[in-house]
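Below is a walk through one protein model, moving from a loop to a sheet, its helices and the cores. Please keep the sequence and the structure in view while reading.

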Amino acid sequence: MWRPTPLVRAKRLERVLNTPAKIYYKNETGSPSGSHKANAAVAQAYFSSKQGIQRLVTNTTAGQWGTALAFACSIFGIKCTVYMSRTSYDSKPYRKDLAEAWGAEVLASPSKRTAVGREILAKDPDSGGTMGIAKAEALEDVLGDESARDAVGSVMNFVLATQTVIGQEAQVQFEGYDDYPDLVVGCVGGGSNFSGIFWPYYYSMVNKKSPKNVEFLAAESSAVPKLTMGEYIYDHADSMKLSPLFKMYTAGSGFVPPPIHTGGLRVHGTAPTLSLLVDEGIVKAVAYDQLEAFEAATTFARCEGVLPAPESAHAIKAVIDEARKCKAEGKEKVILFNLCGHGLLDIEGYREFFDGKMSANNADPRALKSALDDVKGSYQWLNKGD
Ligand SMILES: Cc1ncc(COP(=O)(O)O)c(C=O)c1O
């Protein structure tokens with residue numbers, strides 16, 4: 001039976017930070033695949049099985065979405081093919097093993113299976129892949145098989161909607177604490193876990209049912225700073241420009257981020273709904289590098305006993321900064337964040353951090369500008385004046 005994930009007050013973290021802020025988190029780490037991604041995967045595998053679809057194909061960066069979909073497909077008896085970015089395939093082999101344990105076929109992307117992959121490998125045999133390349137491979141695969149469909153791990157409204165189970169549960173669980181958040185924080189790759197936790201609170205505000213004016217804060221990776229350094233323009237979800245165009249904050253679909261241990265945030269574009277709210281100033285955004293994130297994750301693990309996924313660590317860093325601000329200003333704020341995944345399969349990243357071998361790996365501003373110029377040049381009539 002599916003039970004609500006816990007809402008936890010991080011009292012030891014509050015004590016260590018010596019902050020008047022009250023810090024709460026939704027703990028999504030207990031799902032079979034270890035993250036929030038199962039919420040969307042189970043729904044898509046269920047509806048696909050009802051439609052008679054025989055195979056779901058997808059792209060994954062860190063492997064969290066790929067493993068979640070493999071798990072969900074195994075429940076509903078559907079075949080599963082996962083194109084996993086080569087950098088993560090090599091650095092996180094256990095996620096591939098987990099997906100295979102649930103019966104999925106996992107290919108390192110770019111792969112030789114598709115024309116897209118072969119073309120990229122011909123130009124760069126060592127390509128580490130990107131989310132956009134893996135997406136293009138998944139789309140090409142599906143276009144050649146009538147019994148298969150593309151499964152989507154983030155960005156689209158129907159994915160974000162299934163994730164709102166997180167925020168809806170939090171709203172009910174908060175009644176037991178007699179508290180209500182002033183600030184909701186989440187990390188952002190494509191935008192699904194953050195939207196999942198903040199949408200219900202935003203919805204309550206729009207419907208004038210919220211007892212507070214809640215603030216929303218998105219934490220992204222400085223290796224792919226689409227919200228803080230990207231542009232709000234029309235772009236594709238994949239590097240081969242096969243997907244429809246979405247108006248979103250993007251770093252450019254051709255942007256190749258530096259390698260980081262936070263594969264789930266290594267995504268060039270973010271959900272159109274989230275992008276709109278950022279553009280309107282309703283959601284604020286901050287970017288952190290992986291060193292800052294792993295440091296925050298270590299503090300959290302030592303206080304709360306849970307080893308966070310590197311993605312979630314970006315949200316934790318934002319929470320720690322906000323809690324310190326509360327201390328400096330003497331303000332008691334209730335902060336809620338989403339602990340969207342555990343880091344037990346990200347141990348290689350932690351090892352590199354503890355050994356002092358990790359570097360920040362921020363985005364190169366010139367590469368960012370060139371990827372954005374490319375998108376704007378391709379769709380001048382859409383992107384002019386934006
Ligand atoms: C644990 C975890 N958190 C966050 C993300 C980022 O995705 P989203 O912004 O859609 O939640 C991912 C993506 O793979 C992930 O695996």
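**A walk through the model**

Asparagine 18 sits in the loop that runs between helix H1 (11–17) and strand S2 (22–27). The model is a predicted one. Although asparagine 18 is not a glycine, its phi is positive, about 50°. Asparagine 361 belongs to the loop between helix H15 (347–354) and helix H16 (365–378). Its relative accessibility is 25%, so asparagine 361 counts as partly exposed, the limits for that class being 20% and 50%.

The next stop is the sheet. Four strands form an open sheet in the order S5-S4-S3-S6, and their pairing is parallel. Its edges are strand S5 (105–109) and strand S6 (148–150), each of which pairs on one side only. From one strand to the next, the twist averages 20°. Strand S3 (residues 55–60) pairs with S6 in the parallel sense over 3 bridges, and arginine 55 stands opposite alanine 148 in S6.

Helix H7 (residues 131–143) lies across S3, strand S4 (79–85), S5 and S6, and runs at about 165° to S3.

Helix H5 (residues 93–101) has the buried residues Arg95, Lys96 and Ala99. These cover an arc of only 100° around the axis, so they are on the same side of H5. What do the buried residues of H5 pack against? They pack against H3, S4, helix H4 (86–91) and S5. After H5 comes glycine 103, with a positive phi near 95°.

A cis peptide bond is found between serine 109 and proline 110, with omega about 5°. Proline 110 is placed in the loop between S5 and helix H6 (115–123).

The last topic is the nonpolar cores. The largest core has 49 residues, of which Phe194, Val283 and Leu336 touch the most other members. Helix H3 (residues 64–76) supplies the largest share of this core, 6 residues. Why does this core lie between domain 1 and domain 2? Domain 1 (7–33 + 160–378) and domain 2 (37–150) both give residues to the core, so it lies between them. Leaving out residues up to four places away in sequence, valine 283 touches Phe194, Phe198, Phe216, Ala218, Leu274, Leu277 and Val278. Apart from this core lies another, of 28 residues, with Leu183, Val319, Cys326 and Cys340 among them.

Key
Residues are numbered from 1 along each chain as its sequence is written. This is a predicted model: local features need pLDDT of at least 70, side-chain atom pairs count only at pLDDT 80 or more; totals for chains, interfaces and linings use all residues. Side-chain values use heavy atoms; hydrogens and water are left out. Two strands pair if DSSP finds at least two bridges between them. Helices (H or I, at least four residues) and strands (E, at least two) are DSSP runs, numbered from the N terminus. Axes are lines fitted to C-alpha atoms, for helices over the stretch in contact, and angles run from 0 to 180 degrees between N-to-C directions. Contact means heavy atoms within 4.5 Å. A nonpolar core is a set of buried Ala, Val, Leu, Ile, Met, Phe, Trp, Tyr and Cys residues joined through side-chain atoms within 4.5 Å. Buried means under 20% relative accessible area, exposed over 50%, partly exposed in between (1.4 Å probe, protein chains only). Domain bounds come from an automatic or database domain assignment. The arc is that of the directions from the helix axis to the C-beta atoms.
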